[in-house]
Amino acid sequence: MARTLAQKLIARAAGRPTVTPGEIVTCKVDLAMVHDSSGPRRLKPRLERLGAKVWDPKKVVVITDHYLPAYDDESRKIIQITRDWVREAGVDAFYDAQGICHIVLAERGHLLPGMFVAGGDSHSPTGGAFAAYMFGIGATEMLGVMITGEIWLKAPHTIAMEFDGALRPGVSAKDIMLFLIGRFGLDGGQYQAVEYRGAAIRALPMQERMTLCNMTAELGGQTGLIASDGVTRDYLNKEIEIWDSDPAAPLLAHHRFSGTNLAPQVAAPHSPANTGPVTNFRQKVNFAYIGACTGAKLEDLRMAASVLKGRKSRVKLMVAPASLRDQQTAEREGTLGILLDAGAELLANSCGMCAGYGPNLLDDDTVAISSTARNFKGRMGSAAAQVYLASPYTVAASAVAGHIADPRDLLA
Amino acid sequence: MNTWVFGDNVDTDVIAPGRYMKFGIEEIAKHCLEAVSPTFPSAVKPGDAVVAGRNFGAGSSREQAPEALKHLGVSVLIAESFAGLFYRNAINLGLPAVACPRAKRIRAGDQLEVDLARGKIENRTTGETLACELIPPFLMAIIRDGGLLPHLEKKLARKA
């Protein structure tokens, strides 16, 4: 019988020949990833209360990214608990101040096609770009995973999002996601698996695919998935298994769009679903932000640089590269230099402003354009601040113009 | 008990704002939902119900969102639908989350009686009975034990 990629991944993790969408199954976890906010600070006291140990420390990855750089007593304490626990629990895969968890996990080769991965963060669907079933859970549920190595799941249906043709210059994965979230809503994914396919998707590099799967969180899917292929293999730089849906596998829905006709998208305050084409907007902005797992990977920095080259930002511009390794590559190849020459202020490789976790919070008068994933009221600081979401191209073009602007005009 | 009513897509940044996430639950709870209902955190009473539209709890994996509601004494969450991740977190913390397709029939202040086992909400104010989705038995067991932590504690004690 024809099966979807999601069905195959869940069946494998459940140790069964097949699973039926809707049935509840118990899956063995190949990898559990936590960060400093949802991880040790909440796991440690509970493991102690239960007198329990981690089921397999070799299958655990811990990454600090939320409370870096630590700037007060609370954040210093959270980082310290993380470092202490990693030692106590015998976890070797610990990445301290190396960047944002989803990006670091991928760049260090922890994600392989076919895996089943639990992540202690809502943007965990990012891992689906590697044809791994990865999804986010809360800290108490992660406690259960840490003790048992297992988790229950309702075997998902699959919603296929197919984009034919090819994205035009100045249009990116972020635009695809803002478009889909605007079209289907924050619960459009129905907590099922969302699979991205079609020629326009196949043509995307891994980090752009990660942006698609990452923002499946805002689309309300449990995970986002992309079949593994030569692009996956080249990124991982080794032979991989090919995991894909069978052509006739039953889908909950199959939506087809033209990648070629897609325009850059912008989401107005206070929802990623409040979306329209960039040409509908001319809002003045006084702050531009390129940051987060969604919007500050090497590919994102390159997009911004392609617009900012030889230009200056007219507004305050801050850039927080998503990982240290991406920042170093950007520096070597000149991308970072272009951003700094345009007037960007460089922030740490952490979640920072995206989720209101650092000392830099937006004030009442800020009108921001940001490459991050969420513009919910008050997320980045004051509830009166206005945050528009867009691609790194559009954020860069808007920084140059001082108002929301179409990057295609500057790339021409 | 009192009933608090909210709209669609109430997100976790509004329920548990990121800038307070470094603190313990007492401090986070003081700011729970304040961006959309400034009086909520101070006026909500133990036993109150929170009722919402579609996709309640959209966004983050932070379980401090349902934890803050529970800390404030909210006894039940009723919504047309829940964000999947939030739903799992609520159950894992022992806070019942009931999906009720006609949740929008409920008005602020209505007196409700929720029968989790039967999947029914009696609205004592309007006399209306609303059907809701049944919580699967293995999740009801977690709620009855007060959440996944005490549930695991019981299970591990049985094994020992």
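Which domains does the domain assignment of chain A give? The points below take this up first and then move to single elements.

1. The assignment gives domain 1 (9-257) and domain 2 (265-411) in chain A, the bounds coming from an automatic or database domain assignment. This is a predicted model, in which local features need pLDDT of at least 70 and side-chain atom pairs count only at pLDDT 80 or more, while totals for chains, interfaces and linings use all residues. Residues are numbered from 1 along each chain as its sequence is written, and chains are lettered from A and ligands numbered from 1 in the order in which they are written.

2. The centres of domain 1 and domain 2 of chain A, taken over C-alpha atoms, are separated by 24 Å. Across the boundary, 33 residues of domain 1 of chain A are in contact with 36 residues of domain 2 of chain A, where contact means that the C-beta atoms of two residues, placed from the backbone, lie within 7 Å. On the side of domain 1 of chain A that touches domain 2 of chain A, α4 (101-107), α6 and α8 (206-214) of chain A each supply at least two residues, and α6(A) gives the most, with 6 residues. Helices here are DSSP runs of H or I with at least four residues, strands are runs of E with at least two, and both are numbered from the N terminus.

3. Strand β2 (residues 31-35) of chain A is mostly covered, with 5 of its 5 residues buried; a residue counts as buried if 20 or more other C-beta atoms lie within 10 Å of its own, as exposed if 12 or fewer do, and as partly exposed in between, with C-beta atoms placed from the backbone. Leu31(A), Met33(A) and His35(A) point one way from β2(A), whereas Ala32(A) and Val34(A) point the other way. In a regular strand the side chains alternate between the two faces of the sheet.

4. β2(A) pairs in the parallel sense with strand β5 (residues 116-119) of chain A over 3 bridges, and with strand β3 (residues 60-63) of chain A over 4 bridges, pairing being assigned if DSSP finds at least two bridges between two strands. Met33(A) stands opposite Gly119(A) in β5(A), while the bridge partner of Ala32(A) in β3(A) is Val60(A). From β2(A) the chain crosses through helix α2 (residues 40-50) of chain A to β3(A) in a right-handed β-α-β crossover, that is, one whose path from the first strand over the helix to the second runs clockwise with the strands pointing away from the viewer.

5. The largest nonpolar core has 190 residues, among which Leu77(B) and Ile78(B) touch the most other members; such a core is a set of buried Ala, Val, Leu, Ile, Met, Phe, Trp, Tyr and Cys residues joined through C-beta atoms within 7 Å. Its largest share, 8 residues, comes from helix α6 (residues 173-184) of chain A. Leaving aside neighbours within four places in sequence, the contacts of Ile78(B) include Ala49(B), Val98(B) and Ile121(B).

6. Chain B has 7 helices and 7 strands, and buried residues make up 48% of its 160 residues. Its C-alpha trace spans about 50 × 40 × 25 Å along the principal axes.
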